[in-house]
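I opened my notebook today to look at a sheet, the helices beside it and a ligand. Here is what I looked up, entry by entry.

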Amino acid sequence: MNGCTRRAFGGLASAMCLACVPTRAAERRSAPRVVVIGGGAGGATVARYLAMAGKALNVTLIEPKRRYTTCFFSNLYLAGLRSFDSLTHGYEALTERYSIRVIHDRAAAIEPEAKTVRLTSGTTLPYDRLVVAPGIAFRDGAIAGYDEAATEFMPHAWIAGPQTILLRRQLEAMPDGGLFVIAAPADPFRCPPGPYERASLVAAYFKQQKPRSKILILDAKDTFFEQDLFQDAWDRHYPGMIEWLPAQFIGAIDAVEVKDRSIRTAGQVFKADVANIIPPQMAASLAQQAGLADRTGWCPVDPVTFESTLHRDVHLVGDAIIPGAMPKSAFAANSQAKACAFAIAAALTSEDDPRPFLFNTCFTFLAPDDAVSDAISFGITGGKIAITEIMISKLDESAAIRAQAVREANGWYEAFTRDIFG
Ligand SMILES: Cc1cc2nc3c(=O)[nH]c(=O)nc-3n(C[C@H](O)[C@H](O)[C@H](O)COP(=O)(O)OP(=O)(O)OC[C@H]3O[C@@H](n4cnc5c(N)ncnc54)[C@H](O)[C@@H]3O)c2cc1C
């Protein structure tokens, strides 16, 4: 390996360490094998940072999709502020620049005793270490009537792709004066500010195109992340357009009826023109089948190495894990992925013990020209990931500061997706 220091590998912004790309095929054939399942924010980052590790590792990434669509910034697409194409990313750079073997297939089963992964195509892949980053699934039966068929009428748009396009089409087709209902889930779920950012940006679209329309958020919680910032923005930008009903007023979201797009809570029925149902969540099905999730439905991990506490030599990162105080965000998945890659490389190459540096930054849009951000550092306390420092935008910031955050957010998206996909 040619001159890649561990400091460069472990650093947050070490994305451009091209000199570290392994080149010799023979060296790679005898190298330890790491298989990564899931080519999203977590898995693609692990694969890329492993391929840049100090000694050649044989890295294989399993991902069924040829093009990955980011959930992050998909609310901008829903509001007509970004193209769908700008959210999609391929895996070519991971193959061509980092010599990662990318297999477009689905992992059907993990055999931890045999240390193999079986793919849907029938191929079996042996591994020395396995990383599982499959994202989320929705809890079957949690909302009566909300099954796979119902998602075609009342989209979740919480796993980006065709669902996101469907929701945008429904919003475009909705008449002026219509009601858009968002059903927001209880914690923990993917992207805590996401439902409220979605309400804000769809309101910006309505304000321009369908100003008599309303948005109703039916929440399974009584509070939500950055609530004061959102409610302040709703009063300033969209007075009277967004109504938020917490769990203490409506009770649980019990059932949906697709034929009239209605949503039933403990005591009421709400009829929508467009309904966005974001169901309760858990780790994706592969993690459940492989016995990597506990009774919470999420996967317990060691907070330093991200190794499963249930199966040896299997690591997990991203939304599927129990992350302590970290949110289920792409930035958190990317930060965990680097710590995990660092730990695996150290274990397989007998280098120093890893020292994880965990961080989350999130930009949230309140309006097309008004964004806020949070930046949180994490450390390990009592064996769990805990917050060490936190910075969140304030209520009384000037319009210029908020407009600057919009520019920073757009720059962040470009740099961040390059860090993941090369
Ligand atoms: C509307 C919205 C807005 C968001 N905004 C932000 C934001 O601004 N900032 C931010 O940081 N985060 C944001 N997020 C959250 C972010 O998208 C997720 O936290 C992130 O994608 C999690 O990464 P992951 O790798 O765990 O899962 P994913 O990105 O979902 O990747 C999982 C991958 O695993 C693959 N997979 C699943 N099962 C298998 C299998 N059996 N075999 C092989 N592959 C499999 C899937 O195809 C998928 O590509 C947002 C989310 C939403 C819904």
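Before anything else, I wrote down a term: a polar contact is a pair of N or O atoms within 3.5 Å. I also noted that this is a predicted model.

Entry: I started with Lys65, where an N or O atom of the side chain is 3.1 Å from an oxygen atom of the ligand. For Arg190, I found an N or O atom of the side chain 2.7 Å from a ligand oxygen. At Ala41, a polar backbone atom lies 3.4 Å from an oxygen atom of the ligand.

**Entry: how covered is the ligand?** I read that the ligand exposes 990 Å² when taken alone, and that the protein buries 95% of that.

**Entry: the shell.** I found 34 residues around the ligand, with Gly42, Glu63, Tyr68, Arg190 and Asp319 the closest. By class, I noted 18 nonpolar, 9 polar and 7 charged residues in this shell. Which element gives the largest share of the shell? I found that H11 does, with 3 residues.

**Entry: the sheet.** I traced an open sheet of 5 strands in the order E5-E2-E1-E9-E19, paired in parallel. Its edge strands are E5 (101-103) and E19 (314-316), and each pairs on one side only. I then followed E2 (residues 58-62), which pairs with E5 over 3 bridges; in that pair, Ile62 has Ile103 as its bridge partner.

**Entry: helices on the sheet.** I saw H3 (residues 41-51) pack on the sheet, touching E1, E2 and E9, at about 165° to the direction of E2.

Definitions and conventions
Residues are numbered from 1 along each chain as its sequence is written. This is a predicted model: local features need pLDDT of at least 70, side-chain atom pairs count only at pLDDT 80 or more; totals for chains, interfaces and linings use all residues. Side-chain values use heavy atoms; hydrogens and water are left out. Two strands pair if DSSP finds at least two bridges between them. Helices (H or I, at least four residues) and strands (E, at least two) are DSSP runs, numbered from the N terminus. Contact means heavy atoms within 4.5 Å. Axes are lines fitted to C-alpha atoms, for helices over the stretch in contact, and angles run from 0 to 180 degrees between N-to-C directions. A residue is near a molecule or strand if one of its heavy atoms lies within 4 Å of it. A polar contact is a pair of N or O atoms within 3.5 Å; within protein, one must be able to donate a hydrogen and the other to accept it, and residues adjacent in sequence count only if both atoms are side-chain atoms. Accessible areas come from the Shrake-Rupley method with a 1.4 Å probe; for residues, only the protein chains shown count as cover. Ala, Val, Leu, Ile, Met, Phe, Trp, Tyr, Cys and Pro count as nonpolar, Asp, Glu, Lys and Arg as charged, and the others, Gly among them, as polar.
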